[in-house]
Amino acid sequence: MLSRIQFGFTISFHYIFTTLSIGISLFLVIAEGFYLKTGKILYFHLIRFWSKIFGIIFVLGVATGLLLEFEFGTNWANYSKFVGDVFGSLLLAETFFAFFVESTFLAIVLFGWTKVGKKFHFLSTIMVSIGSHMSAVWIVIANSWQQTPAGHQIVNSRAEMADFSQVIFNPSSLERIWHVVGGSWLAGAFFILAVSAYYILRKRVLDFAKTSFKIALWIAAISSLMQLASGHKSVLGICENQPIKFAAFEGHYPKDEPAPIYLFGWVDEKKKEVRYGLKIPKLASLLLHGDMNKSVPGLNSFPEKNHPPVNAVFQSYHIMVFLGFGLILLCLLGIYFLWRKSLFQRRGLLKIFLVSAIGPLIANQTGWFSAEVGRQPFLVYHLLRTSEGLSANLSANYVLFSLLAFILVYAFLFVVFVYFVRGQVLKGPDLEETAQFVEK
Amino acid sequence: MLKNKKNGKVMDLQTLWYLIITFLMAVFILLDGFDLGAGGFYFFIKEESEKKILISSIGPLWDGNEVWLIAVGGALFAAFPKAYASLLSGFYLPVICLVFCLIFRAISLEFRNKTDSRRQQKFLDRMFSTASITAIFIFGLLLGNLLKGLPLNENQEVYISVLDLLNPYAIVLGFTSIFLLVIHGLLFIILKTENSLQEKAREWIPKSLICFSLSMVVAITMTLVFYPEAVKRFNEHPALYILFVPIFISLIGIYLNIKAKKDNRAFMHSSLIIVLSLGIASLSLYPNLIYSPTLPDYTLTIYSAASSLKTLKIISILGLIGLPIAIFSSVCLYKTFRGKIN
């Protein structure tokens with residue numbers, strides 16, 4: 001149990017920084033692209049400032065990510081032995097195609113302003129972005145294999161590779177990659193929106209802030225709509241491949257009835273019903289199958305030992321969806337008022353943007369919570385139960401010690417993060433700077 | 001060296017991946033070794049300007065260097081998952097401790113030059129040095145325990161207490177590693193810096209060389225006397241003992257080249273020492289990954305710990321595409337940041 005908490009805690013914390021990194025890296029590519037195209041110094045200031053913020057976030061991603069590489073082996077030794085063939089290969093791919101690329105080229109982006117030409121610098125920014133996206137791709141493939149295993153065969157009580165392309169293109173990986181990448185773009189964009197809104201409200205560096213805001217707003221708006229599409233696809237996939245999980249999403253118990261959508265509710269797991277809920281009957285069946293009378297297998301169709309913690313999954317799923325729609329609405333409002341040219345006078349709306357940075361971050365976490373806790377009690381769906389994957393040779397004391405240590409250290413890291421980002425934001429961009437790239 | 005030995009012989013995939021992991025480990029120690037070693041030296045630098053220069057010299061490089069360690073972990077997981085699982089869970093507390101060291105090293109490096117507060121700088125300085133040295137020590141400790149062998153049970157799991165992990169042999173190897181990588185770090189600083197910092201680093205070379213030499217001799221002696229399994233391969237092919245000779249020649253080489261200010265050559269000598277030392281250790285271990293002195297039949301060899309042949313083939317192709325990417329990225333990095341720090 002402690003190992004579960006430790007893994008959940010360490011990966012959730014790590015996930016804050018990785019999503020921000022991916023999202024901001026996209027922004028940097030766009031901004032630097034504009035700089036190379038228009039030559040306007042404003043865009044140079046954009047990339048100078050935002051890349052500094054990016055650097056801080058990225059190093060926290062690295063610091064919190066290093067553990068994860070080893071945590072599979074330390075706390076989940078039996079899992080590692082079971083899936084090493086498949087899962088290990090995917091992690092190795094991630095190292096080669098993502099980590100090397102992003103870490104080396106980031107150094108050039110952050111420290112090479114006077115050492116390389118502006119084209120090579122832009123290329124480096126692109127490489128960093130590609131690298132971080134590759135990270136998302138491979139880890140989602142790995143996790144998707146846990147959810148919808150394919151391309152393997154069970155030999156000698158472990159999963160061995162049978163067909164690598166089937167492993168990579170397992171039934172859920174593509175839509176989940178889209179959904180994770182979209183969620184990252186949202187997170188990065190909203191972070192920039194929040195900081196830019198802060199500057200506009202304080203009437204500081206207005207040109208800089210408005211340009212940042214506009215670019216980020218377009219990224220956010222497009223991503224939020226993308227999330228709706230990829231989310232829908234993902235749910236369709238889950239309905240087909242992980243029906244128990246889907247039933248938990250909506251707290252749907254009856255064996256053979258069409259499924260409703262709840263706007264909110266509370267699942268009573270003993271009585272096997274949703275209470276205090278507001279439901280739209282048959283809507284899920286309609287959205288999933290196009291037929292509101294099509295029945296969807298409920299939790300009662302499956303043995304109880306295979307049920308996940310239903311209420312927890314229900315709540316996190318609904319929080320994510322609620323936030324998702326909220327963010328879409330906010331973005332559309334933003335675009336509307338941008339078109340009407342009154343966006344930057346609307347202080348109320350700007351204040352909402354200021355606090356909304358936390359929206360995608362929470363949505364991303366609750367989304368993963370739904371996916372992972374919804375997968376319980378399995379580590380690899382129907383192949384390995386979570387309880388079977390732990391390290392047998394770890395004493396509870398060791399894990400308790402490491403868990404507490406990580407909580408303390410990560411709390412320290414969070415303080416460091418807030419302190420230095422805040423410092424950078426308060427200092428603001430240096431609008432006197434000129435570019436000093438190496439001339440060809 | 002190892003690769004030359006195998007020339008002309010058809011190599012099985014398990015041996016290939018053993019070599020690949022050794023290679024990845026070697027690159028990691030060659031690269032991250034100098035910034036960790038420099039971190040140790042950092043503790044003794046008092047001049048603020050010198051501190052800033054040292055941090056700037058490794059600032060852009062440490063992250064790219066550290067990825068090679070992740071590659072070692074990933075390769076071990078993919079190629080020898082049973083060993084990955086048993087090693088990491090068996091070495092639980094040292095591995096967790098190592099992770100913390102690397103986290104603290106990363107944070108202190110990144111933020112030390114971003115703050116103006118003297119108090120914060122002092123705190124981060126101490127964190128940087130302590131984390132760097134402790135990380136090196138733990139690597140040496142783990143290597144020592146691997147060479148010595150670990151108790152495996154019938155499930156090939158390692159059950160060992162921290163006290164047992166801190167045995168004299170492992171501690172000696174821990175210190176030997178520290179001395180070696182501090183030398184490597186000093187040589188890197190000499191290459192990258194000028195004036196007073198470079199002078200200081202030069203002054204440190206003779207005593208570091210002596211510390212390492214003594215430590216290395218003790219380590220070799222202990223291995224020969226106490227751990228026959230580790231020297232088995234060398235006793236079977238006594239010609240292999242010749243591999244130790246270049247190490248000691250290079251030690252003298254470092255001394256002479258530093259005196260003659262041929263700094264590039266000196267760095268190459270320390271690189272050679274690192275590669276040879278790791279090669280010797282790798283040879284000693286082969287073909288075991290975790291040797292079990294208590295239940296030798298349950299020893300995890302590269303054959304019993306490996307993934308299926310199909311996986312090994314697939315990751316070999318992965319490596320064929322991935323390693324050039326890794327090397328290309330690293331080359332871009334070092335080309336951009338070549339030359340002295342100004």
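A polar contact here is a pair of N or O atoms within 3.5 Å; within protein, one must be able to donate a hydrogen and the other to accept it, and residues adjacent in sequence count only if both atoms are side-chain atoms. Keep that in mind.

This is a predicted model: local features need pLDDT of at least 70, side-chain atom pairs need 80 or more, and totals for chains, interfaces and linings use all residues. Residues count from 1 along each chain as written, chains are lettered from A in the order written, and side-chain values use heavy atoms, without hydrogens or water.

First, one residue. B:Gln198 sits in helix α10 of chain B, residues 195-226. Helices are DSSP runs of H or I, at least four residues; strands are runs of E, at least two; both are numbered from the N terminus. Is B:Gln198 buried or exposed? Buried, because its relative accessibility is 11%, and the cut-off is under 20% (1.4 Å probe, protein chains only). A polar atom of its side chain lies 3.1 Å from the backbone oxygen of B:Thr193.

Now the interface. Contact means heavy atoms within 4.5 Å. Chain A brings 65 residues and chain B brings 70. About 5,900 Å² is buried between chain A and chain B, 78% of it from carbon and sulfur atoms. That area is the accessible area (1.4 Å probe) lost on putting the two parts together, summed over both.

Polar pairs across chain A and chain B? The rule finds 15 residue pairs in polar contact, both residues at pLDDT 80 or more. On the chain A side, α3(A) gives the largest share, 24 residues.

Terms used:
Buried means under 20% relative accessible area, exposed over 50%, partly exposed in between (1.4 Å probe, protein chains only).
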